[in-house]
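The sequence and structure come first.

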Amino acid sequence: MFDWFPKNISTYGGDIDAVFWLIFYIVGAGFILGEAVILYLVIRYRRKEGRRAAYIAGDKISELAWILVPAAIVLVLDLGIDFAGGEAWSKVKGETPASDIKVIVTGKQFNWNFTYPGPDGQFGTDDDLTLENELHVPVKKVVDLSLNSEDVLHSFFVPVMRLKQDCIPGRKIPAWFEATETGEYEIACAELCGYGHYTMRGFLFVHSEEDYAKWTQERWPPAAADSTQVGQL
Amino acid sequence: MSSAATAHATHEEKLSFWRKYIFSVDHKVIGKQYLFLGMFMALVGGLLAYLMRWELAWPESPVPGTGWIPEPTMFQGVVPPEFYNAIVTMHGTIMVFFVAMPILLGAFGNFLIPLMVGAPDMAFPRLNMMSFWTIFTASVVMIASFFVPGGAASAGWTGYPPLSANPVYTGVNWGITLWILGLALEFASFLMGGINFLTTTVSMRARGLKMMRLPLMVWMQITAAVIFMLSVGPLIAGAVLLLLDRTAGTSFYTVAQGGDPLLWQHLFWFFGHPEVYVILLPGLGAVLEVLPVFSRKPIFGYKAIVYSTIVAGVLSFIVWAHHMFVSGMNFKLVMPFSITTILISVPFTIILLAMMATLWKGAIRFTTPMLFAVGTLAMFIIGGLTGIFLGSATADIYLHDTYFVVAHFHYTLISAVFLGGFTAMYFWFPKMFGRMMNETWGKVHFWLTLVFFNLVFMPLFKAGLGGEMRRLYDPFQYDFLKPHQPLHKFATIAAILLFASQIPFLINFFWSLFKGKIADRNPWQANTLEWTAPSPPPHGNFEIAPSVYHGPYVYSAPNMNMKEDWQPQDQPLAS
């Protein structure tokens, strides 16, 4: 209908957008109907000489049906919206699908830190790598995130992924996404976190599979790893 | 009761200036005190909005007319980021707690409840005086916080810890402590007020005034009072914990020492959501009073409205977590809260449809209060409907903390509080001050306000759908938000014009106060009891304690003629 959203490049973004559009059409119809009725009533029933107002107290069930039936329809539509939304919700915020790419995201006044476990796949070892404001991921792979914060609340917001999740000090909050397109995108902080809140901007780099392999090789060069072992011997 | 009323009336002359206008125990004077306090604070909140909007349209450029504000608050008219956060925080705090509550509950609740229930005064007049002076003190504390070292509170009007709990995160020390203190005083004030509202309505009603004959404004005020009293306890507890964290080194909200920041969010929103209904119901109450009078019809479905209001009030207590869908609370808890949230649309649908049905087959007279009432109804629909997007947890993932939220709650609150407040002000002005306001200027004020209000906030929906976050000092740091700058320039110019549109109101208000046409008892030909008292009512309100014979909305009944198509509540129904 209109093209105001940022591009969606996540596998579940379409589900979230679909819920938005479902609500949009229901609510849009309600809006047009409501305003049209008000407009009609105020024009049609403005005071005219010689015409008196009708005495309708709306205390009989037959009269009340005029408002109770629409209210019942609203109830049904409400439940429909909730039902439609429930599935998408559990997909996005429920269990994270299995994934090889794990990243710890740490919010800190006023940076996003992304920690990779390195080739050993374990966090907390020597080959961990922490990047400031740069998240590199391959396309079409589930990325498993663990969010936390070092100081205040932050909110990890990737508009193109339709991903938003608060980061809380002391908690590890899971989140995930799977990108469908390569490119460079912005990451924002959506929770007021201090005077530098507006500068807390990161970048998401979605690489093709080859590029991602190249990127990991540059960060964790196999040769260098061998030479340190030689040196130790 | 009649002897009490005469006693009041006779000793009125002897009161000194201080007793009569400053430390008054008369609910009507106290109501006016609340009104003037709220209007003054609205000016403060509005000026903060001006600074904020300018910053959003032209970031880091000097704001016209503010060059005199000294450093470090501003730098030659340029808002620094720290002060921007304080502006955002204080604008929200002031508008909700120091404008909406004093005007809609303080002013109109105080002024109207005793008059509408036929009582000579509130049940506890001295407590009433104390409630005003407590909120007055709270307002002084709030304004003083701008002038302490470090400046005013800057952790958002929701004051989420850890940001609000420790000065190292904001650089603001006294400002946030005073903010908590000011809010605590404000809550204490409205607790006193609420007790008075309830006791007066329950125990001081005129003879014959059954609960189901109460004007809907009274129902809305006491429902609001009950909601407030039941919800504010947890927040006061939460605020005390936050105060202790800040000043005594405790760690209720600090994780490293075993605290939990989410605890605050639960306590805050357990109050914060019902609070929305506290200020919204009286605004709708004013509309419900005005619609029947100017369409000369009974309100449609009186009982349905009363029950819907109570249901909405009850539901408001089990929806708070919809502010926390992406906060990190258990994801399985989310769906139940999403369902209760969206269910609130059902009682409000009934109330809004009842309002529309009241217009149906009416004889509508477009006075200024009626224009504002219909405007409130038309705008509130937008606020209510956009709430569905945010009530849906799934859509909220994307929309949470964006300008969509800002646009939504301004449509909800500006319609109910601002337009609803003006409905009340134009309607009851003759009763409050004994003079009529000018109709032409009132209509100019209405149309300008309606147009510019929409021009300010409609574009913000678009900004929100584009993903723009709230509370950004300079949104255009982000590439994907750069295209929003024309939108913000537009909204800012509209906001300045909306602000300017209030000038006709202010001139009209103060001119009419002294020079307006003298109002008779019942200039609108309305039924409720306040219109049977003189304008303005003397201390003690009624010459004779009224008796009530029927409900408040008997207009154009079949046995009435066209000229005398109303039947005041204190006169028996002609058969």
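## Sheet in chain A

Two strands count as paired if DSSP finds at least two bridges between them. Helices (H or I, at least four residues) and strands (E, at least two) are DSSP runs, numbered from the N terminus. The model is predicted: local features need pLDDT of at least 70, side-chain atom pairs count only at pLDDT 80 or more, and totals for chains, interfaces and linings use all residues. Residues are numbered from 1 along each chain as its sequence is written, chains are lettered from A and ligands numbered from 1 in the order in which they are written, and side-chain values use heavy atoms, with hydrogens and water left out.

In chain A, 5 strands make up an open sheet of mixed pairing, in the order β4-β10-β9-β6-β7. Its edge strands, each pairing on one side only, are β4 (134-138) and β7 (163-167). From one strand to the next the twist averages 20 degrees; axes for such angles are lines fitted to C-alpha atoms, for helices over the stretch in contact, and angles run from 0 to 180 degrees between N-to-C directions.

## Strand pairs

Strands of a sheet pair through backbone hydrogen bonds, either parallel or antiparallel. β4(A) and β10(A) run parallel and are joined by 5 bridges, with Glu134(A) opposite Phe203(A) in β10(A). β9(A) pairs with β10(A) in the antiparallel sense, also over 5 bridges; here Gly183(A) has Val206(A) in β10(A) as its bridge partner. Strand β6 (residues 154-158) and strand β9 (residues 183-189) of chain A are antiparallel too, over 2 bridges, and Phe157(A) is partnered by Ala188(A) in β9(A).

Strand β10 (residues 202-207) of chain A is mostly covered, with 5 of its 6 residues buried. Buried means under 20% relative accessible area, exposed over 50%, and partly exposed in between (1.4 Å probe, protein chains only).

## Cysteines

A disulfide is a pair of cysteine sulfur atoms within 2.5 Å, and the count over all chains is 0. For Cys167(A), the nearest cysteine sulfur is that of Cys189(A), 7.6 Å away. The sulfur of Cys189(A) has its closest cysteine sulfur in Cys193(A), at 4.0 Å, which is too far for a bond. Cys167(A) is buried at 0% relative accessible area, and Cys189(A) is likewise buried at 0%.

## Cavities

The whole structure holds 8 cavities of 30 Å³ or more. A cavity is a set of points, on a 1 Å grid over the protein atoms alone, where a 1.4 Å probe fits but cannot get out; lining residues have an atom within 4 Å of a point. Grid points are joined across faces, edges and corners, and a volume is the space filled by probe spheres set on the points.

The largest cavity has a volume of about 70 Å³. Elements giving two or more residues to its lining are α4 (81-117), α7 (174-203) and α8 (216-247) of chain B. α7(B) supplies the largest share, 4 residues. Lining residues include Met101(B), Phe190(B), Phe228(B) and Val278(B). By class, the lining has 8 nonpolar, 2 polar and no charged residues; Ala, Val, Leu, Ile, Met, Phe, Trp, Tyr, Cys and Pro count as nonpolar, Asp, Glu, Lys and Arg as charged, and the others, Gly among them, as polar.

## Backbone geometry

The peptide bond from Gln109(A) to Phe110(A) is cis, with omega near -5 degrees. Arg162(A), in the loop between β6 and β7 of chain A, has a positive phi near 55 degrees.

Methods. 1 Å grid on protein atoms, 1.4 Å probe; cavity = no way out; pocket = protein on both sides within 12 Å on 5 of 7 lines; lining within 4 Å.
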